[in-house]
Amino acid sequence: MSQIRALIVDDSSVMRKIVERSLRQAGLDLSSVIEAGNGADALALLDGNLVDLILSDINMPVMDGLEFVRQLQSMDKTRQIPVVMITTEGSESNVVQALSLGAKGYIRKPFTPDQVKEHVLPVLGL
Amino acid sequence: MTMTNTFAANSLPRAVFNRAVWTPLLDFSVREVFDIMLASTLQVHEPSANDKDGEFTALVGLAGSLCGVLSIRCSNQAACTMASKMLGLSAEEVDSESLDALGEIANMIAGNFKGKLSGVGNHCMLSVPTIIVGSDYATRSTAVGNTIGAVFDFEEEPVWVTLELHE
């Protein structure tokens, strides 16, 4: 499995650490992990960093996850990065909206490492 | 575990309070979050004179078809243990993460609960969590409503979970 550069976006630092640990438990070889507390900070990070995978919460201050995905899809350099949403906002309308905006997957909190593996590996073609 | 017949007929989607159904549903939602995210099985807490006050409180607001506030309150020690279990660290290694962890647990319980009320999830939004440090406070709601909740035993510490609903 090739090395993966990941961006984790969540306003909870605890949740960012849990997501990173779950990715490693899923067997991903993470060469780098960068973190942001909201969509706006994540976009700023992507200005100087290349990533292969983004995991993002939806309900965040400043810029929420849906607007973040919308912005990613509007830019050539970020449009192809697979995004998986990880959120408590697991309503059907949010799922439909996130996927229609371009997210490739959706994980609802609370989640197990197996669920992360099940939803993340396919979007990486693994 | 998903409940049906949650809404009043002929109206905008609005959850209809049912204490007999919602109380065990909240109980199940809390236990599920602790089971999945902390690998902890909660027990019913038997009140004791040795119970510490809840020094930390996390609040999450619900707005839409379900309006109210979910709160989880516990001691500093319990919050540290929650964070350590979530992060896989020793209790000595966690510091400010305990507040963040408590907020995230409140967020997950609220999301889990509303997700189990059929149809509510699409019409109910959650606020980002608010944390109160200290136990010498009181809250007063200007809205009339119902309150459900329970006290759980987590690692021999009481954890109070309350859902205050507005009509």
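Two strands count as paired if DSSP finds at least two bridges between them. Helices (H or I, at least four residues) and strands (E, at least two) are DSSP runs, numbered from the N terminus. The model shown here is predicted: local features need pLDDT of at least 70, side-chain atom pairs count only at pLDDT 80 or more, and totals for chains, interfaces and linings use all residues. Residues are numbered from 1 along each chain as its sequence is written, while chains are lettered from A and ligands numbered from 1 in the order in which they are written.

**View 1. Strands β1 and β3 of chain A run parallel, joined by four bridges.** Look for β1(A) at residues 3-9 and β3(A) at residues 53-56. Within this pair, Ala6(A) has Leu53(A) as its bridge partner in β3(A).

**View 2. Chain A holds an open, parallel sheet of five strands.** Follow the order β2-β1-β3-β4-β5 across it. At the edges you will find β2 (29-36) and β5 (105-108) of chain A, each pairing on one side only. From one strand to the next, the twist averages 20° (axes are lines fitted to C-alpha atoms, for helices over the stretch in contact, and angles run from 0 to 180 degrees between N-to-C directions).

**View 3. Helix α2 (residues 39-46) of chain A lies across β1 and β2 of chain A.** The helix runs at about 150° to β1(A). Gly39(A), Ala42(A) and Leu46(A) are the buried residues of α2(A) (buried means that 20 or more other C-beta atoms, placed from the backbone, lie within 10 Å of the residue's own). Viewed down the axis of α2(A), these buried residues fall within an arc of 60°, so they line one face of the helix; the arc is that of the directions from the helix axis to the C-beta atoms. They pack against β1, β2, α3 (65-73) and α4 (76-79) of chain A.

**View 4. Chains A and B meet through 20 residues of chain A and 22 residues of chain B.** Residues are in contact if their C-beta atoms, placed from the backbone, lie within 7 Å. On chain A's side, α1(A) gives the largest share, six residues.

**View 5. Gly54(B) sits in the loop between β1 (43-44) and β2 (56-64) of chain B.** Gly54(B) is buried, with 22 other C-beta atoms within 10 Å. Beyond its neighbours within four places in sequence, Gly54(B) is in contact with Arg73(B), Cys74(B), Ser75(B), Ser135(B) and Trp160(B).

Definitions and conventions. Contact = placed C-beta atoms within 7 Å. Buried ≥ 20, exposed ≤ 12 C-beta atoms within 10 Å, placed from the backbone.
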